[in-house]
Amino acid sequence: MKYLKIINRQIRAIGTSLTDMVMPNIGAFIAWGLLSAIFSNSGWFPNPQINQLVTMMGKYILPILLASTGGRIKGGQRGSLVAAIATLGLICGMKDSALLGAMIIGPVVGWLMRITDTSLRKHVSQGFELLVNNLTAAFLGMVTSLGAYFVLAPIIDWFSQVLETATHWLFVNHLLALMNVVIEPAKVFFLNNAINHGILNPLGTNQAIASGHSILFLLETNPGPGIGLLLAFALFGNHRARKYAGNALIIHALGGIHEVYFPYVLKHPQLLVSVICGGVTGTFTFSMMHVGLRADPSPGSIITILMLTPSGWHNYIGVIAGILSSTLVSFSITAAWLAWIAPKYRHQQVDAQAVSTSNHVIVTGDAGMGSPSMGARILHDKLRRAGHNEFALTSEPINRLKNTTNATIFVRHDYLERVQAIAPDAHAIISINNYLNTPEYDHFVSEQNDLAKALGSLE
(Lines give C-alpha, C1' and ligand atoms only; values in the text may rest on other atoms or scores of the structure.)
Protein backbone atom coordinates (compact mmCIF):
# COMPACT_ATOMS: atom_id res chain seq x y z
CA MET A 1 0.00 0.00 0.00
CA LYS A 2 2.86 2.38 0.81
CA TYR A 3 4.42 1.90 -2.62
CA LEU A 4 1.06 2.34 -4.33
CA LYS A 5 0.64 5.67 -2.57
CA ILE A 6 4.11 6.76 -3.69
CA ILE A 7 3.38 5.73 -7.28
CA ASN A 8 0.03 7.51 -7.18
CA ARG A 9 1.72 10.65 -5.82
CA GLN A 10 4.31 10.58 -8.60
CA ILE A 11 1.67 10.11 -11.30
CA ARG A 12 -0.36 12.96 -9.87
CA ALA A 13 2.79 15.11 -9.88
CA ILE A 14 3.26 14.32 -13.58
CA GLY A 15 -0.38 15.15 -14.19
CA THR A 16 0.06 18.47 -12.39
CA SER A 17 3.13 19.27 -14.49
CA LEU A 18 1.25 18.51 -17.71
CA THR A 19 -1.67 20.61 -16.56
CA ASP A 20 0.63 23.54 -15.75
CA MET A 21 1.87 23.38 -19.33
CA VAL A 22 -1.45 22.91 -21.07
CA MET A 23 -3.92 25.04 -19.11
CA PRO A 24 -2.32 28.45 -19.86
CA ASN A 25 -2.58 27.58 -23.56
CA ILE A 26 -6.09 26.13 -23.65
CA GLY A 27 -7.36 29.33 -25.29
CA ALA A 28 -5.04 28.71 -28.24
CA PHE A 29 -6.30 25.12 -28.60
CA ILE A 30 -9.91 26.26 -28.56
CA ALA A 31 -9.16 29.08 -31.05
CA TRP A 32 -7.52 26.51 -33.33
CA GLY A 33 -10.54 24.22 -32.98
CA LEU A 34 -13.02 26.99 -33.71
CA LEU A 35 -11.08 28.19 -36.76
CA SER A 36 -11.02 24.61 -37.99
CA ALA A 37 -14.75 24.19 -37.36
CA ILE A 38 -15.53 27.34 -39.33
CA PHE A 39 -12.99 27.54 -42.18
CA SER A 40 -11.61 24.05 -42.83
CA ASN A 41 -12.62 22.07 -45.90
CA SER A 42 -15.39 20.37 -43.89
CA GLY A 43 -16.26 23.45 -41.82
CA TRP A 44 -19.28 25.71 -41.79
CA PHE A 45 -17.72 28.22 -44.21
CA PRO A 46 -14.82 26.51 -46.04
CA ASN A 47 -11.99 28.85 -47.00
CA PRO A 48 -8.70 27.40 -48.36
CA GLN A 49 -6.67 30.52 -47.54
CA ILE A 50 -7.77 30.73 -43.91
CA ASN A 51 -7.46 26.96 -43.61
CA GLN A 52 -3.69 27.43 -44.10
CA LEU A 53 -3.74 29.43 -40.85
CA VAL A 54 -5.39 26.46 -39.14
CA THR A 55 -2.69 24.14 -40.46
CA MET A 56 0.15 26.40 -39.34
CA MET A 57 -1.35 26.82 -35.88
CA GLY A 58 -1.59 23.07 -35.40
CA LYS A 59 1.88 22.35 -36.73
CA TYR A 60 3.92 25.22 -35.27
CA ILE A 61 2.14 27.49 -32.79
CA LEU A 62 0.59 24.91 -30.45
CA PRO A 63 3.77 22.80 -29.95
CA ILE A 64 5.94 25.89 -29.49
CA LEU A 65 3.50 27.37 -26.95
CA LEU A 66 3.45 24.13 -24.94
CA ALA A 67 7.22 23.71 -24.98
CA SER A 68 7.80 27.40 -24.21
CA THR A 69 5.47 27.21 -21.20
CA GLY A 70 7.17 24.04 -19.94
CA GLY A 71 10.57 25.66 -20.40
CA ARG A 72 9.48 28.75 -18.46
CA ILE A 73 8.19 26.62 -15.57
CA LYS A 74 11.52 24.84 -15.21
CA GLY A 75 13.99 27.48 -16.38
CA GLY A 76 12.36 30.89 -16.40
CA GLN A 77 12.31 33.16 -19.44
CA ARG A 78 15.62 31.81 -20.76
CA GLY A 79 14.31 28.26 -20.44
CA SER A 80 11.25 29.32 -22.44
CA LEU A 81 13.44 30.81 -25.19
CA VAL A 82 15.67 27.75 -25.57
CA ALA A 83 12.69 25.37 -25.43
CA ALA A 84 11.10 27.22 -28.35
CA ILE A 85 14.31 26.89 -30.39
CA ALA A 86 14.57 23.18 -29.59
CA THR A 87 10.94 22.61 -30.55
CA LEU A 88 11.55 23.93 -34.06
CA GLY A 89 14.10 21.15 -34.55
CA LEU A 90 11.54 18.67 -33.25
CA ILE A 91 8.82 19.94 -35.60
CA CYS A 92 11.08 19.76 -38.64
CA GLY A 93 12.11 16.21 -37.79
CA MET A 94 8.61 14.80 -37.25
CA LYS A 95 6.06 13.47 -39.69
CA ASP A 96 3.05 14.14 -37.46
CA SER A 97 2.13 16.74 -34.86
CA ALA A 98 4.90 17.54 -32.38
CA LEU A 99 2.58 18.11 -29.41
CA LEU A 100 3.62 15.03 -27.47
CA GLY A 101 7.32 15.71 -28.06
CA ALA A 102 6.87 19.37 -27.12
CA MET A 103 5.45 18.38 -23.74
CA ILE A 104 8.62 16.36 -23.14
CA ILE A 105 11.29 18.63 -24.55
CA GLY A 106 9.96 21.86 -23.02
CA PRO A 107 10.49 21.00 -19.32
CA VAL A 108 13.70 19.07 -20.07
CA VAL A 109 15.33 21.97 -21.93
CA GLY A 110 14.14 24.44 -19.28
CA TRP A 111 15.77 22.28 -16.61
CA LEU A 112 19.01 22.10 -18.62
CA MET A 113 19.03 25.89 -18.98
CA ARG A 114 18.58 26.33 -15.24
CA ILE A 115 21.37 23.86 -14.45
CA THR A 116 23.66 25.57 -16.94
CA ASP A 117 23.00 29.03 -15.52
CA THR A 118 23.50 27.82 -11.95
CA SER A 119 26.80 26.13 -12.82
CA LEU A 120 28.27 29.06 -14.76
CA ARG A 121 27.06 31.95 -12.64
CA LYS A 122 29.85 31.75 -10.07
CA HIS A 123 32.54 31.57 -12.79
CA VAL A 124 31.46 34.62 -14.85
CA SER A 125 33.36 37.85 -14.29
CA GLN A 126 31.44 41.04 -13.72
CA GLY A 127 30.57 42.77 -16.98
CA PHE A 128 30.48 39.56 -19.03
CA GLU A 129 27.10 38.33 -17.80
CA LEU A 130 25.12 39.45 -20.86
CA LEU A 131 27.61 37.95 -23.30
CA VAL A 132 27.76 34.63 -21.47
CA ASN A 133 23.99 34.46 -21.07
CA ASN A 134 23.38 35.01 -24.78
CA LEU A 135 26.09 32.57 -25.85
CA THR A 136 24.93 29.79 -23.50
CA ALA A 137 21.31 30.19 -24.60
CA ALA A 138 22.32 30.13 -28.26
CA PHE A 139 24.61 27.12 -27.84
CA LEU A 140 22.10 25.13 -25.80
CA GLY A 141 19.32 26.02 -28.24
CA MET A 142 21.43 24.84 -31.18
CA VAL A 143 22.44 21.56 -29.49
CA THR A 144 18.95 20.70 -28.24
CA SER A 145 17.29 21.53 -31.57
CA LEU A 146 19.72 19.19 -33.36
CA GLY A 147 19.18 16.54 -30.70
CA ALA A 148 15.43 16.91 -31.09
CA TYR A 149 15.69 16.64 -34.89
CA PHE A 150 17.94 13.57 -35.05
CA VAL A 151 17.07 11.68 -31.83
CA LEU A 152 13.80 12.70 -30.17
CA ALA A 153 11.69 13.20 -33.31
CA PRO A 154 12.14 9.62 -34.62
CA ILE A 155 11.41 8.17 -31.16
CA ILE A 156 8.24 10.26 -30.72
CA ASP A 157 7.13 9.40 -34.26
CA TRP A 158 7.52 5.69 -33.51
CA PHE A 159 5.75 5.93 -30.15
CA SER A 160 2.90 8.00 -31.60
CA GLN A 161 2.52 5.50 -34.43
CA VAL A 162 2.26 2.63 -31.94
CA LEU A 163 -0.41 4.44 -29.92
CA GLU A 164 -2.33 5.46 -33.04
CA THR A 165 -2.21 1.91 -34.42
CA ALA A 166 -3.51 0.51 -31.13
CA THR A 167 -6.25 3.13 -30.98
CA HIS A 168 -7.22 2.50 -34.61
CA TRP A 169 -7.39 -1.26 -33.94
CA LEU A 170 -9.68 -0.67 -30.97
CA PHE A 171 -11.85 1.66 -33.04
CA VAL A 172 -12.13 -0.68 -36.04
CA ASN A 173 -13.03 -3.60 -33.79
CA HIS A 174 -15.53 -1.48 -31.82
CA LEU A 175 -13.47 -1.91 -28.64
CA LEU A 176 -12.47 1.71 -28.08
CA ALA A 177 -15.04 1.94 -25.29
CA LEU A 178 -12.93 -0.48 -23.23
CA MET A 179 -10.46 2.38 -22.64
CA ASN A 180 -13.02 3.87 -20.26
CA VAL A 181 -12.56 0.87 -17.97
CA VAL A 182 -9.18 2.46 -17.19
CA ILE A 183 -10.01 6.12 -17.77
CA GLU A 184 -12.95 6.45 -15.37
CA PRO A 185 -11.23 5.00 -12.24
CA ALA A 186 -8.09 6.98 -13.06
CA LYS A 187 -10.17 10.18 -13.27
CA VAL A 188 -11.66 9.56 -9.84
CA PHE A 189 -8.15 9.37 -8.38
CA PHE A 190 -7.46 12.81 -9.92
CA LEU A 191 -5.33 11.47 -12.78
CA ASN A 192 -7.68 12.97 -15.37
CA ASN A 193 -5.23 15.67 -16.44
CA ALA A 194 -2.39 13.19 -16.92
CA ILE A 195 -4.57 11.02 -19.16
CA ASN A 196 -6.18 13.82 -21.14
CA HIS A 197 -3.28 16.23 -21.59
CA GLY A 198 -0.52 13.62 -21.66
CA ILE A 199 -2.01 10.98 -24.00
CA LEU A 200 -5.41 11.69 -25.51
CA ASN A 201 -4.84 15.35 -26.42
CA PRO A 202 -1.67 14.80 -28.53
CA LEU A 203 -3.13 11.73 -30.27
CA GLY A 204 -6.44 13.47 -30.85
CA THR A 205 -4.71 16.51 -32.29
CA ASN A 206 -2.86 14.33 -34.80
CA GLN A 207 -6.16 12.78 -35.88
CA ALA A 208 -7.91 16.14 -36.03
CA ILE A 209 -5.20 17.59 -38.26
CA ALA A 210 -5.57 14.64 -40.64
CA SER A 211 -9.35 14.12 -40.64
CA GLY A 212 -10.86 17.24 -39.12
CA HIS A 213 -12.03 15.67 -35.85
CA SER A 214 -11.17 12.99 -33.29
CA ILE A 215 -13.23 10.80 -30.96
CA LEU A 216 -10.31 10.81 -28.50
CA PHE A 217 -11.27 14.31 -27.42
CA LEU A 218 -14.50 12.82 -26.00
CA LEU A 219 -13.14 9.85 -24.06
CA GLU A 220 -12.09 11.66 -20.88
CA THR A 221 -14.03 14.91 -21.24
CA ASN A 222 -17.49 13.34 -21.63
CA PRO A 223 -19.46 14.83 -18.69
CA GLY A 224 -22.23 12.20 -18.96
CA PRO A 225 -21.02 9.75 -16.26
CA GLY A 226 -20.62 12.55 -13.72
CA ILE A 227 -23.94 14.16 -14.63
CA GLY A 228 -25.79 10.87 -14.11
CA LEU A 229 -24.10 10.20 -10.79
CA LEU A 230 -24.71 13.70 -9.39
CA LEU A 231 -28.31 13.71 -10.62
CA ALA A 232 -28.96 10.45 -8.77
CA PHE A 233 -27.48 11.89 -5.57
CA ALA A 234 -29.56 15.05 -6.00
CA LEU A 235 -32.74 12.95 -6.19
CA PHE A 236 -32.05 9.92 -4.01
CA GLY A 237 -29.14 10.84 -1.74
CA ASN A 238 -29.45 11.77 1.92
CA HIS A 239 -30.33 15.32 2.89
CA ARG A 240 -26.74 16.55 2.95
CA ALA A 241 -25.87 14.88 -0.36
CA ARG A 242 -28.94 16.35 -2.07
CA LYS A 243 -28.00 19.79 -0.81
CA TYR A 244 -24.55 19.79 -2.41
CA ALA A 245 -25.12 17.50 -5.42
CA GLY A 246 -27.42 19.98 -7.17
CA ASN A 247 -24.81 22.75 -7.13
CA ALA A 248 -22.07 20.30 -8.08
CA LEU A 249 -24.17 19.13 -11.03
CA ILE A 250 -24.34 22.65 -12.49
CA ILE A 251 -20.62 23.25 -11.95
CA HIS A 252 -19.79 19.91 -13.55
CA ALA A 253 -22.11 20.05 -16.56
CA LEU A 254 -21.80 23.73 -17.49
CA GLY A 255 -18.49 24.69 -15.89
CA GLY A 256 -16.70 21.52 -16.96
CA ILE A 257 -15.09 20.99 -13.54
CA HIS A 258 -15.28 17.20 -13.30
CA GLU A 259 -13.41 17.04 -10.01
CA VAL A 260 -16.59 17.96 -8.12
CA TYR A 261 -18.02 14.45 -8.47
CA PHE A 262 -14.84 12.53 -7.63
CA PRO A 263 -15.40 12.69 -3.82
CA TYR A 264 -18.82 11.05 -4.21
CA VAL A 265 -17.20 8.01 -5.83
CA LEU A 266 -14.26 7.95 -3.43
CA LYS A 267 -16.69 7.88 -0.51
CA HIS A 268 -18.71 5.09 -2.17
CA PRO A 269 -16.21 2.98 -4.19
CA GLN A 270 -19.04 0.72 -5.35
CA LEU A 271 -20.10 3.54 -7.65
CA LEU A 272 -16.99 3.03 -9.78
CA VAL A 273 -19.22 0.55 -11.62
CA SER A 274 -21.62 3.41 -12.34
CA VAL A 275 -19.12 5.79 -13.93
CA ILE A 276 -17.29 2.99 -15.77
CA CYS A 277 -20.51 1.71 -17.34
CA GLY A 278 -21.53 5.27 -18.18
CA GLY A 279 -18.17 6.04 -19.79
CA VAL A 280 -18.16 2.79 -21.78
CA THR A 281 -21.70 3.44 -23.02
CA GLY A 282 -20.90 6.99 -24.08
CA THR A 283 -17.73 6.06 -25.97
CA PHE A 284 -19.50 3.13 -27.64
CA THR A 285 -22.23 5.51 -28.82
CA PHE A 286 -19.69 8.05 -30.10
CA SER A 287 -17.89 5.24 -31.93
CA MET A 288 -21.02 3.81 -33.54
CA MET A 289 -22.15 7.29 -34.62
CA HIS A 290 -18.64 8.07 -35.98
CA VAL A 291 -18.42 11.46 -34.26
CA GLY A 292 -15.64 13.42 -32.63
CA LEU A 293 -14.54 16.97 -31.83
CA ARG A 294 -12.30 19.49 -33.56
CA ALA A 295 -10.12 20.09 -30.52
CA ASP A 296 -9.80 19.27 -26.82
CA PRO A 297 -12.80 20.78 -24.96
CA SER A 298 -10.96 21.77 -21.81
CA PRO A 299 -12.75 22.18 -19.48
CA GLY A 300 -15.10 19.33 -20.36
CA SER A 301 -18.25 21.44 -20.37
CA ILE A 302 -21.32 20.73 -22.47
CA ILE A 303 -20.91 24.25 -23.83
CA THR A 304 -17.33 23.80 -25.09
CA ILE A 305 -18.11 20.30 -26.38
CA LEU A 306 -20.95 21.61 -28.56
CA MET A 307 -18.84 24.57 -29.71
CA LEU A 308 -16.13 22.19 -30.96
CA THR A 309 -18.49 19.69 -32.60
CA PRO A 310 -18.05 19.65 -36.41
CA SER A 311 -20.87 21.15 -38.45
CA GLY A 312 -23.75 18.93 -39.51
CA TRP A 313 -26.79 17.60 -37.67
CA HIS A 314 -25.41 14.09 -37.68
CA ASN A 315 -22.42 15.19 -35.60
CA TYR A 316 -24.50 17.12 -33.08
CA ILE A 317 -26.99 14.26 -32.73
CA GLY A 318 -24.15 11.74 -32.25
CA VAL A 319 -22.33 13.81 -29.60
CA ILE A 320 -25.53 14.59 -27.68
CA ALA A 321 -26.62 10.94 -27.91
CA GLY A 322 -23.28 9.81 -26.43
CA ILE A 323 -23.57 12.24 -23.52
CA LEU A 324 -27.22 11.37 -22.85
CA SER A 325 -26.66 7.60 -23.03
CA SER A 326 -23.73 7.76 -20.61
CA THR A 327 -25.80 9.98 -18.31
CA LEU A 328 -28.75 7.55 -18.36
CA VAL A 329 -26.62 4.49 -17.57
CA SER A 330 -24.67 6.20 -14.80
CA PHE A 331 -27.86 7.63 -13.31
CA SER A 332 -29.69 4.29 -13.38
CA ILE A 333 -26.93 2.37 -11.62
CA THR A 334 -26.30 5.08 -9.03
CA ALA A 335 -30.02 5.56 -8.34
CA ALA A 336 -30.52 1.79 -7.92
CA TRP A 337 -27.63 1.65 -5.47
CA LEU A 338 -28.81 4.64 -3.45
CA ALA A 339 -32.49 3.68 -3.39
CA TRP A 340 -32.41 -0.11 -2.95
CA ILE A 341 -29.00 -1.66 -2.47
CA ALA A 342 -27.30 0.73 -0.02
CA PRO A 343 -30.13 0.72 2.60
CA LYS A 344 -29.91 -3.07 2.94
CA TYR A 345 -26.31 -2.79 4.05
CA ARG A 346 -26.59 0.38 6.09
CA HIS A 347 -26.30 -1.49 9.38
CA GLN A 348 -23.03 -3.14 8.35
CA GLN A 349 -21.67 0.08 6.86
CA VAL A 350 -22.36 2.09 10.00
CA ASP A 351 -20.76 -0.57 12.18
CA ALA A 352 -17.68 -0.65 9.94
CA GLN A 353 -17.48 3.12 9.99
CA ALA A 354 -17.72 3.17 13.76
CA VAL A 355 -14.90 0.66 14.07
CA SER A 356 -12.63 2.46 11.60
CA THR A 357 -13.26 5.97 12.92
CA SER A 358 -10.19 7.39 14.61
CA ASN A 359 -10.37 8.96 18.05
CA HIS A 360 -6.87 10.41 17.74
CA VAL A 361 -6.69 13.79 16.00
CA ILE A 362 -3.41 15.57 15.24
CA VAL A 363 -3.00 19.14 14.00
CA THR A 364 0.49 19.49 12.56
CA GLY A 365 2.82 22.06 11.05
CA ASP A 366 6.45 23.16 11.13
CA ALA A 367 8.33 23.05 14.41
CA GLY A 368 8.09 26.25 16.42
CA MET A 369 4.79 27.36 14.90
CA GLY A 370 2.02 28.25 17.32
CA SER A 371 -0.87 28.04 14.86
CA PRO A 372 -1.24 24.21 14.94
CA SER A 373 -1.58 24.34 18.73
CA MET A 374 -4.23 27.02 18.49
CA GLY A 375 -5.97 25.04 15.74
CA ALA A 376 -6.04 21.94 17.96
CA ARG A 377 -7.57 24.01 20.76
CA ILE A 378 -10.24 25.45 18.43
CA LEU A 379 -11.18 22.00 17.12
CA HIS A 380 -11.20 20.58 20.65
CA ASP A 381 -13.65 23.27 21.76
CA LYS A 382 -15.92 22.64 18.76
CA LEU A 383 -16.01 18.90 19.47
CA ARG A 384 -16.65 19.44 23.19
CA ARG A 385 -19.54 21.84 22.51
CA ALA A 386 -21.04 19.17 20.21
CA GLY A 387 -20.80 16.60 23.00
CA HIS A 388 -17.85 14.62 21.62
CA ASN A 389 -15.44 14.02 24.49
CA GLU A 390 -14.02 10.79 23.10
CA PHE A 391 -11.31 12.45 20.98
CA ALA A 392 -7.67 12.89 21.98
CA LEU A 393 -6.39 16.05 20.25
CA THR A 394 -2.72 16.91 20.00
CA SER A 395 -0.51 19.24 17.98
CA GLU A 396 2.81 17.90 16.73
CA PRO A 397 5.57 19.30 14.49
CA ILE A 398 5.74 17.47 11.17
CA ASN A 399 9.23 16.11 11.80
CA ARG A 400 8.11 14.53 15.10
CA LEU A 401 4.96 12.79 13.89
CA LYS A 402 4.67 9.29 15.30
CA ASN A 403 2.00 6.76 16.25
CA THR A 404 -0.16 8.07 13.42
CA THR A 405 -1.81 4.75 12.59
CA ASN A 406 -5.60 5.35 12.44
CA ALA A 407 -5.07 9.01 13.39
CA THR A 408 -6.86 11.87 11.65
CA ILE A 409 -4.36 14.59 10.75
CA PHE A 410 -5.16 18.21 9.90
CA VAL A 411 -2.41 19.94 7.93
CA ARG A 412 -2.02 22.98 5.72
CA HIS A 413 -2.06 22.18 2.02
CA ASP A 414 1.53 23.34 1.45
CA TYR A 415 2.73 20.66 3.91
CA LEU A 416 0.45 17.95 2.54
CA GLU A 417 3.01 15.93 0.57
CA ARG A 418 5.46 15.89 3.49
CA VAL A 419 2.81 14.55 5.85
CA GLN A 420 1.66 11.94 3.33
CA ALA A 421 5.22 10.65 3.09
CA ILE A 422 5.81 10.66 6.87
CA ALA A 423 2.41 9.24 7.89
CA PRO A 424 1.29 6.86 5.13
CA ASP A 425 -0.78 4.78 7.58
CA ALA A 426 -2.89 7.65 8.90
CA HIS A 427 -6.63 7.10 8.94
CA ALA A 428 -7.17 10.42 7.12
CA ILE A 429 -5.09 13.47 6.20
CA ILE A 430 -7.25 16.58 5.82
CA SER A 431 -5.85 19.61 3.99
CA ILE A 432 -6.74 23.05 5.35
CA ASN A 433 -5.90 26.64 4.40
CA ASN A 434 -5.98 28.30 7.79
CA TYR A 435 -5.32 26.75 11.20
CA LEU A 436 -7.47 29.32 12.97
CA ASN A 437 -10.52 29.52 10.71
CA THR A 438 -11.31 26.67 8.33
CA PRO A 439 -14.61 24.99 7.36
CA GLU A 440 -12.97 21.57 7.60
CA TYR A 441 -13.23 21.72 11.41
CA ASP A 442 -17.00 22.16 11.19
CA HIS A 443 -17.27 19.43 8.53
CA PHE A 444 -15.40 17.04 10.81
CA VAL A 445 -17.71 17.80 13.75
CA SER A 446 -20.75 17.41 11.49
CA GLU A 447 -19.54 14.00 10.32
CA GLN A 448 -19.19 12.85 13.93
CA ASN A 449 -22.73 14.07 14.63
CA ASP A 450 -24.07 12.16 11.62
CA LEU A 451 -22.27 9.02 12.72
CA ALA A 452 -23.56 9.31 16.28
CA LYS A 453 -27.15 9.70 15.00
CA ALA A 454 -26.76 6.70 12.70
CA LEU A 455 -25.44 4.54 15.52
CA GLY A 456 -28.19 5.72 17.83
CA SER A 457 -30.87 4.78 15.29
CA LEU A 458 -29.59 1.19 15.32
CA GLU A 459 -29.73 0.74 19.07
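The model is predicted, so local features need pLDDT of at least 70 and side-chain atom pairs count only at pLDDT 80 or more, while totals for chains, interfaces and linings use all residues. Residues are numbered from 1 along each chain as its sequence is written, and side-chain values use heavy atoms, with hydrogens and water left out.

## Overall composition

The protein chain contains 17 helices and 4 strands. Helices (H or I, at least four residues) and strands (E, at least two) are DSSP runs, numbered from the N terminus. Of the 459 residues in the protein chain, 45% are buried. Here, buried means under 20% relative accessible area, exposed means over 50%, and partly exposed lies in between, with a 1.4 Å probe and protein chains only. A contact means heavy atoms within 4.5 Å. Among the contacts in the protein chain with a separation of 6 or more, 71% are accounted for by residues 24 or more positions apart.

## Packing of helices

Two helix pairs are described here. Axes are lines fitted to C-alpha atoms, for helices over the stretch in contact, and angles run from 0 to 180 degrees between N-to-C directions. Angles under 35 degrees count as roughly parallel, over 145 as roughly antiparallel, 65 to 115 as roughly perpendicular and the rest as oblique. A crossing is left-handed if the near helix is turned anticlockwise from the far one by less than a right angle, and right-handed if clockwise.

Helix α2 (residues 26-39) packs against α3 at an angle of about 165°, and their axes are 10 Å apart. The two helices α2 and α3 are therefore roughly antiparallel to each other, and their crossing is left-handed. On the α2 side the contact is made by residues including Phe29, Trp32 and Phe39, and on the α3 side by residues including Leu53, Met57 and Leu65.

Helix α5 (residues 129-172) packs against α4 at an angle of about 150°, with the axes 10 Å apart. The helices α4 and α5 are therefore roughly antiparallel to each other, but their crossing is right-handed. Among the residues that meet are Val109, Met113 and Asp117 in α4, and Ala137, Leu140 and Thr144 in α5.

## Two residues of helix α3

Val82 is placed in helix α3 (residues 48-93). Val82 has a relative accessible area of 0% and is buried. Leaving aside residues up to four places away in sequence, Val82 touches Val109, Met113, Ala137, Leu140, Gly141 and Thr144.

Ser68 is also found in helix α3. Ser68 counts as buried, at 14% relative accessibility. With residues up to four places away in sequence not counted, Ser68 touches Ser80 and Ala83. From C-alpha to C-alpha, Ser68 and Val82 are 8.0 Å apart in space and 14 residues apart in sequence. Ser68 and Thr87 are 19 residues apart in sequence, with 8.6 Å between their C-alpha atoms.

## Salt bridges

Side chains of opposite charge can pair when their charged atoms come close. A salt bridge is a side-chain nitrogen of Lys or Arg within 4 Å of a carboxyl oxygen of Asp or Glu. By this rule the count is 4 salt bridges, and the table lists some of them.

| Pair | N to O distance |
|---|---|
| Arg78 and Asp117 | 2.8 Å |
| Asp381 and Arg377 | 3.8 Å |
| Lys382 and Asp442 | 3.0 Å |

Arg78 lies in helix α3 and Asp117 in helix α4 (residues 99-121), so this pair ties together parts that are 39 residues apart in sequence. Asp117 counts as buried, at 16% relative accessibility.

Asp381 and Arg377 are separated by about one helical turn, because they are 4 residues apart in helix α15 (residues 371-385). Asp381 is buried, with a relative accessible area of 18%.

Lys382 lies in helix α15 and Asp442 in helix α17 (residues 439-458), so the pair ties together parts that are 60 residues apart in sequence. Lys382 is partly exposed at 22% relative accessibility, and Asp442 is partly exposed at 41%. Salt bridges that share partners also join Arg377, Asp381 and Arg384 into one network.

## Cysteines

A disulfide is a pair of cysteine sulfur atoms within 2.5 Å, and by this rule the count is 0 disulfides. Cys92 counts as exposed, at 54% relative accessibility, whereas Cys277 is partly exposed, with a relative accessible area of 29%.
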